[in-house]
Amino acid sequence: MTVIAIIVPFVWLLWLTLTEWVPMFPLNDLAPGNVRGRVLAASINYPFPLLIAAGVALHQTWSLITATALCCLIMVGHLQSWWLPYFGVSTAAQREVYRRDYARTLKILPTEGRDIVIDVQHMVVGALSLLMLATTLAATLSG
């Protein structure tokens with residue numbers, strides 16, 4: 001399980017990098033005007049999976065607990081960014097970013113009556129985030 005828990009964060013990072021920098025409309029909508037926002041998001045998000053993989057690879061109690069805590073932070077961020085807004089809990093700033101960057105992307109969930117609808121790109125991020133948490137937790141508990 002440890003090897004899988006080390007690999008999954010790199011898959012997560014690869015997916016984020018691919019969907020944030022390689023145009024694949026309608027999976028993503030990489031407008032030239034949002035490069036600065038993507039750079040900022042990358043500088044915040046990309047270190048997390050590296051720290052998680054390193055924490056699992058070190059396989060020390062403190063590093064495994066830290067890696068699990070980082071996975072939990074990622075899940076909280078994902079829920080706050082996508083699922084809470086989908087169910088109506090969003091800010092004006094979230095709605096503006098959604099309108100500008102994600103309104104035209106591919107969605108499979110119902111959109112009617114929703115200000116923000118999680119797109120396929122971010123559903124995959126959520127699934128990978130959950131898998132990352134599960135494998136990291138399994139490595140921690142088996143440690």
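**Contacts of Leu16 and the overall fold**

Apart from neighbours within four places in sequence, Leu16 makes contact with Asn45, Tyr46 and Val125. These contacts are read from a predicted model. Leu16 belongs to helix α1, which covers residues 2–21. With a relative accessible area of 5%, Leu16 is buried, since the cut-off for a buried residue is under 20%. Leu16 and Val125 are 109 residues apart along the chain, yet their C-alpha atoms are separated by 7.3 Å.

Asn45, one of the residues in contact with Leu16, also takes part in the meeting of two helices, α2 and α3. Helix α2 comprises residues 35–45 and helix α3 residues 47–58. Two packed helices are described by the angle between their axes and by the distance between those axes. The axes of α2 and α3 come within 5 Å and cross at roughly 15°. The helices α2 and α3 are therefore roughly parallel, because angles under 35 degrees are placed in that class. On the α2 side the residues involved are Ala42, Ser43, Ile44 and Asn45, and on the α3 side they are Pro47, Phe48 and Pro49. Sorted by class, this contact of α2 with α3 contains five nonpolar residues, two polar residues and no charged residues.

The backbone was also examined in the loops. Most residues other than glycine have a negative phi, and most peptide bonds are trans. The peptide bond from Phe25 to Pro26 is cis, with omega near 15°. Pro26 is located in the loop between α1 and α2. His59, which is not a glycine, has a positive phi of about 55°. The loop that holds His59 runs between α3 and α4, the latter covering 61–86. His59 has a relative accessibility of 31% and so counts as partly exposed.

For the chain as a whole, six helices and zero strands were assigned, and the order of elements from the N terminus is α-α-α-α-α-α. The C-alpha trace spans about 45 × 30 × 25 Å along its principal axes. Among contacts between residues at least 6 apart in sequence, 64% join residues at least 24 apart. Of the 143 residues, 38% are buried. The accessible surface of the chain comes to about 8,000 Å², and carbon and sulfur atoms account for 72% of this surface.

How values were computed
Residues are numbered from 1 along each chain as its sequence is written. This is a predicted model: local features need pLDDT of at least 70, side-chain atom pairs count only at pLDDT 80 or more; totals for chains, interfaces and linings use all residues. Side-chain values use heavy atoms; hydrogens and water are left out. Axes are lines fitted to C-alpha atoms, for helices over the stretch in contact, and angles run from 0 to 180 degrees between N-to-C directions. Helices (H or I, at least four residues) and strands (E, at least two) are DSSP runs, numbered from the N terminus. Angles under 35 degrees count as roughly parallel, over 145 as roughly antiparallel, 65 to 115 as roughly perpendicular and the rest as oblique. Contact means heavy atoms within 4.5 Å. Ala, Val, Leu, Ile, Met, Phe, Trp, Tyr, Cys and Pro count as nonpolar, Asp, Glu, Lys and Arg as charged, and the others, Gly among them, as polar. Buried means under 20% relative accessible area, exposed over 50%, partly exposed in between (1.4 Å probe, protein chains only). Accessible areas come from the Shrake-Rupley method with a 1.4 Å probe; for residues, only the protein chains shown count as cover.
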